[in-house]
Amino acid sequence: MKTAFANKNVVMGVTGGIACYKALDLIKELRDLGSEVHVIMTEASTHLANIKDFEKASGNEVQTRLFHPKIDYRGYISRNIPIKHISLADIADIFLICPATANIIGKTANGIADDLLTTSIMATVAPVLICPAMNVKMWKNPIVQENVKKLKKLDYYFAEPEYGELACGYKGVGRLANPKKIFEMIGLLLKQRSDLKNKRILVTAGATVEEIDPVRVITNKSSGKMGASIAEQAFLRGADVLLLRGCNSVEPCYSLKEQKFTTVDDLHKKIKKAIKGIDIVVHSAAVSDFTVNKHDSKIKSGKELKLELAPAAKIFERLKKLNKKAFLVGFKAEHNVSIKKLVNSAYNILRKADADLVVANDVGKKMRGFDVETNEVFVVDRYKNVQHIKLAGKRVVADKILDAIVNNLK
Ligand SMILES: Cc1cc2nc3c(=O)[nH]c(=O)nc-3n(C[C@H](O)[C@H](O)[C@H](O)COP(=O)(O)O)c2cc1C
């Protein structure tokens with residue numbers, strides 16, 4: 001567990017609760033195990049604790065403001081110079097809110113970003129661990145409970161507050177969780193952040209494009225978001241990632257190694273070139289089932305045109321032969337079918353391709369599949385075990401697919 005903390009960036013949001021001084025001990029323990037701690041304090045918290053104490057404990061300057069009085073933002077904007085304002089959100093391996101007030105929970109649950117802490121929480125893709133501490137009546141307030149429920153659904157983690165004497169004189173649930181428990185949770189989340197270290201992963205994402213003539217194409221609705229999310233999350237978990245993405249697909253957030261592909265043939269060639277030495281292949285690209293003979297010049301419009309389509313190479317079925325050692329993961333999209341049928345067709349392609357996992361989704365259902373921000377998938381393994389990953393944002397689903405890969409690698 002000790003190594004999980006070494007050289008990790010812990011960003012800690014401290015909010016205006018009586019328990020904020022307790023965060024100081026946690027910072028000390030994190031630093032003792034080799035983590036770098038960066039503190040953001042809300043305005044309210046600076047009335048209850050001393051900024052200097054947090055600077056001393058963390059060894060870093062405490063950040064309190066979104067807009068720095070010495071920066072000429074208008075000048076930057078007019079000269080098109082990038083302005084760093086969410087750097088801490090980007091470097092975080094884990095984002096801790098300790099203690100977390102009812103207020104910060106409410107703001108986060110409702111998408112409010114009106115200061116440095118809330119803006120950074122909104123911008124981070126690191127796991128967020130919230131450690132509430134408040135009066136028992138506040139904690140029991142249905143609005144607070146609704147907000148907690150909403151955040152849990154969105155995969156925010158909670159170190160649940162405990163029962164006991166509260167600083168406000170009441171007795172009940174509301175005390176900051178035992179620091180030992182918070183510490184353990186941080187360790188587990190950080191461990192997950194490096195579980196793909198030393199693994200080389202090839203991810204394909206997005207749609208192929210077959211040219212009919214120099215201006216017209218046959219393609220599909222895949223945006224590449226699911227694959228890009230898998231590539232990004234694998235990168236954050238320490239993997240050495242190469243993303244092959246469709247020429248019209250979404251760009252990944254990080255500076256990953258990437259190459260763009262166009263046709264089925266182009267994608268096939270690029271995979272062949274890259275696959276040697278790869279440990280895990282996640283083939284999520286939506287590959288055309290057909291190719292077409294390209295006309296060299298633009299086809300005249302205004303008259304009937306018959307296109308002759310030929311079946312395209314089934315790339316997925318060839319991957320195991322190209323690299324026997326690679327752990328092979330494919331995707332199967334079906335349109336408005338029963339779960340049984342979805343799982344069966346995923347299992348069929350798994351057998352044909354000698355794959356290790358196939359992720360199946362039904363693109364005929366709302367909020368799932370092509371060009372949306374969310375997905376619901378079923379992960380099928382070689383023994384036809386099925387893991388259901390519930391409807392959630394693609395980043396969350398990507399992380400759970402990676403969990404399934406890690407568990408199957410063991
Ligand atoms: C002395 C004092 C102690 C407070 N303790 C808490 C607390 O433990 N938990 C909480 O949710 N709010 C507490 N509050 C209320 C918050 O400080 C208030 O809701 C504030 O707006 C929180 O802002 P922040 O979330 O941006 O830090 C306290 C307020 C005062 C004056």
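Helices α12 and α16 are oblique to each other, a class that holds the angles left over once those under 35 degrees are counted as roughly parallel, those over 145 as roughly antiparallel and those from 65 to 115 as roughly perpendicular. Helix α12 covers residues 225-236 and helix α16 residues 394-409, and the two pack at an angle of about 60°, with their axes 8 Å apart. Here an axis is a line fitted to C-alpha atoms, for helices over the stretch in contact, and an angle runs from 0 to 180 degrees between N-to-C directions. The crossing of α12 and α16 is right-handed; a crossing has this hand if the near helix is turned clockwise from the far one by less than a right angle, and is left-handed if the turn is anticlockwise. Helices (H or I, at least four residues) and strands (E, at least two) are DSSP runs, numbered from the N terminus.

The model is a predicted one, in which local features need pLDDT of at least 70 and side-chain atom pairs count only at pLDDT 80 or more, whereas totals for chains, interfaces and linings use all residues. Residue numbers start from 1 along each chain as its sequence is written.

The protein chain is divided into domain 1, residues 2-192, and domain 2, residues 200-409, with bounds that come from an automatic or database domain assignment. Taken over C-alpha atoms, the centres of domain 1 and domain 2 are separated by 37 Å. Asn198 belongs to the loop between α11 (179-192) and β8 (200-205), and the phi of Asn198 is near 70°, a positive value in a residue other than glycine.

Strand β1, residues 9-14, pairs with β2 in the parallel sense over six bridges, and Asn9 stands opposite Glu36 in β2. Strand β3 (residues 94-100) contains Pro99, and the peptide bond from Cys98 to Pro99 is cis, with omega near -5°.

The ligand is surrounded by 15 residues, of which Thr15, Gly16, Gly17, Thr42 and Thr101 are the closest; a residue is near a molecule if its C-beta atom, placed from the backbone, lies within 6 Å of it. By class, this shell has eight nonpolar, seven polar and no charged residues, where Ala, Val, Leu, Ile, Met, Phe, Trp, Tyr, Cys and Pro count as nonpolar, Asp, Glu, Lys and Arg as charged, and the others, Gly among them, as polar. Helix α7 (residues 102-109) gives the most to the shell, with three residues.

The axes of α7 and helix α10, residues 142-153, come within 9 Å and cross at roughly 50°, which makes α7 oblique to α10. The crossing in which α7 passes α10 is left-handed. For helix α2 (residues 23-32) and α11, the axes come within 11 Å and cross at roughly 45°, so that α2 is likewise oblique to α11, but α2 passes α11 in a right-handed crossing.

Another open sheet has eight strands, in the order β12-β11-β8-β13-β16-β17-β18-β19, with mixed pairing. Its edge strands, β12 (257-261) and β19 (386-393), each pair on one side only, and neighbouring strands of this sheet are turned by 15° against each other on average, direction ignored. Within the sheet, strand β16 (residues 327-334) and strand β17 (residues 357-362) pair in the parallel sense over six bridges, and Val329 has Leu357 in β17 as its bridge partner.

Conventions: Two strands pair if DSSP finds at least two bridges between them.
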